[in-house]
Amino acid sequence: MKRYCGTRLFFTFAFLFTLFTLTPNTSHALKMDDVSNLINSLADTSGGFNVDAASNWGNNKAYLFNGDLYSRFNIRADRTDSGYPKYLDQNTWPGVPWTDGVDAIVNWGNGKAYLFKDNQYIRYDIRADRADPGYPKYISQNTWPGVPWRYGIDAAVNWGNGKVYLFKGNQYIRYDIRADRADPGYPKYISQNTWPGVPWRNGIDAAVNWGNGKVYIFKGDQYIRYDIRSDRADPGYPKYIDQNSWPGLSF
Ligand SMILES: [Ca+2]
């Protein structure tokens with residue numbers, strides 16, 4: 001996000017430079033207030049951060065990832081723990097070699113979490129706080145029966161009812177934890193019928209079960225609160241992922 005802002009600011013200044021250069025006779029009419037307003041409006045267009053991956057760790061903490069950074073969020077206090085964001089590295093996530101970020105992360109509910117990156121995945125032991133030996137492994141028909149995708153899982157979320165949802169592009173799969181395979185009839189398309197109130201038909205970035213009957217779904221700089229029991233997005237969403245909606249989040 002920092003790089004993204006930097007890029008936007010670069011183009012903003014490039015745009016202003018071009019404006020002054022190409023309109024020498026009228027450029028003086030452009031007051032500094034106008035310039036600063038323009039810069040602010042362009043710099044703030046996005047309104048928020050991106051979340052690449054997110055998971056509820058089951059101990060009142062959730063982890064949110066953005067590129068090579070992650071933050072730990074206190075669910076009850078509803079704010080980011082102090083000292084974050086941190087870098088994803090061998091000290092903070094022992095046994096996870098992906099220091100430039102992860103695609104998706106999901107708490108399996110049995111003391112293990114799964115992290116996905118490109119064509120691989122890692123089983124992470126929550127109590128030992130390190131990756132299990134023998135990982136990463138490849139995403140395959142053997143390791144993830146019924147999942148046809150070998151690369152690039154966008155998001156994964158534990159629904160809390162023995163099912164995990166996996167997302168890739170405009171499709172999703174319901175995975176049965178006990179049977180350890182995808183349910184028949186999947187993948188399905190993300191649509192207004194299958195995910196009422198979710199407007200993102202081309203895919204999502206991340207999803208996390210908050211443990212209170214709600215799931216947060218992230219896409220770009222916005223998020224949705226999804227109600228599990230009514231099986232639809234709550235009214236008033238999407239909202240921006242920013243310091244008001246996610247206190248203390250600064251990546
Ligand atoms: Ca993702």
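These points describe a predicted model of one protein, from its confidence and overall make-up to single residues.

1. Confidence. The average pLDDT of the protein is 89, and 81% of the residues score at least 70. Residues 1–5 have a pLDDT below 50, and beyond near neighbours in sequence this stretch has five contacts in the model.

2. Overall make-up. Two helices and 20 strands are assigned in the protein. Of its 251 residues, 29% count as buried. Among contacts in the protein with a separation of 6 or more, 43% are between residues 24 or more positions apart.

3. Hairpin of β1 and β2. Strand β1 covers residues 53–56 and strand β2 residues 61–66; they pair in the antiparallel sense over four bridges. One of the pairs is Asn56 with its bridge partner Ala62 in β2. The two strands form a hairpin with four residues between them, and in the turn Gly58 has a positive phi of about 85°. Asn60 is also in the loop between β1 and β2. The phi of Asn60 is near 70°, a positive value in a residue other than glycine. Asn60 counts as exposed because it has 12 other C-beta atoms within 10 Å, and the cut-off for exposed is 12 or fewer.

4. Burial of β1. Strand β1 is covered on both faces. Ala53 and Ser55 are buried on one side, and Ala54 and Asn56 are buried on the other.

5. Nonpolar core. The largest nonpolar core has 54 residues, of which Ala54, Ala156 and Ala207 touch the most other members. Leaving aside residues up to four places away in sequence, Ala207 touches Ala54, Ala155, Val157, Val215, Tyr216, Ile217 and Phe218.

6. Ile217. Strand β17 (residues 214–219) contains Ile217. Why is Ile217 buried? It has 26 other C-beta atoms within 10 Å, and a residue counts as buried at 20 or more. Not counting residues up to four places away in sequence, Ile217 touches Val198, Ile204, Ala207, Tyr223, Ile224 and Tyr226. In the case of Val198, the sequence separation from Ile217 is 19 residues, and the C-alpha to C-alpha distance is 8.7 Å.

7. Strands around β8. Strand β8 (residues 120–125) runs antiparallel to strand β7 (residues 112–117), with six bridges joining them. Across this pairing, Tyr114 stands opposite Arg123 in β8. The hairpin of β7 and β8 has two residues between the strands, and its Asp118 takes a positive phi near 50°. β8 also pairs with strand β10 (residues 137–138), again antiparallel, through two bridges; here Gln120 has Tyr138 in β10 as its bridge partner. With strand β9 (residues 130–131), β8 pairs in the antiparallel sense over two bridges, and Tyr124 stands opposite Ala131 in β9. Four residues lie between the strands in the hairpin of β8 and β9, where Asp129 takes a positive phi near 55°.

8. Cis peptide bonds. Pro187 is in the loop between β14 (181–182) and β15 (188–189). Tyr237 and Pro238 are likewise joined by a cis peptide bond, with omega about 5°.

9. Surroundings of Pro238. Pro238 is in the loop between β19 (232–233) and β20 (239–240). Because Pro238 has 19 C-beta neighbours inside 10 Å, it counts as partly exposed. Not counting residues up to four places away in sequence, Pro238 touches Gln222, Tyr223 and Ile224. Pro238 and Asp221 are 17 residues apart in sequence, and their C-alpha atoms are 9.6 Å apart. Tyr223 and Ile224 are also among the residues touched by Ile217.

10. Asp231. The loop between β18 (222–227) and β19 holds Asp231. Its phi is near 55°, a positive value in a residue other than glycine. Is Asp231 buried or exposed? Asp231 is exposed, with 11 other C-beta atoms within 10 Å.

Key
Residues numbered from 1 in each chain as written. Predicted model: local features only at pLDDT ≥ 70, side-chain atom pairs only at ≥ 80, totals over all residues. Pairing = 2+ DSSP bridges. Core = buried A, V, L, I, M, F, W, Y, C linked by C-beta atoms within 7 Å. Contact = placed C-beta atoms within 7 Å. pLDDT = per-residue confidence, 0-100.
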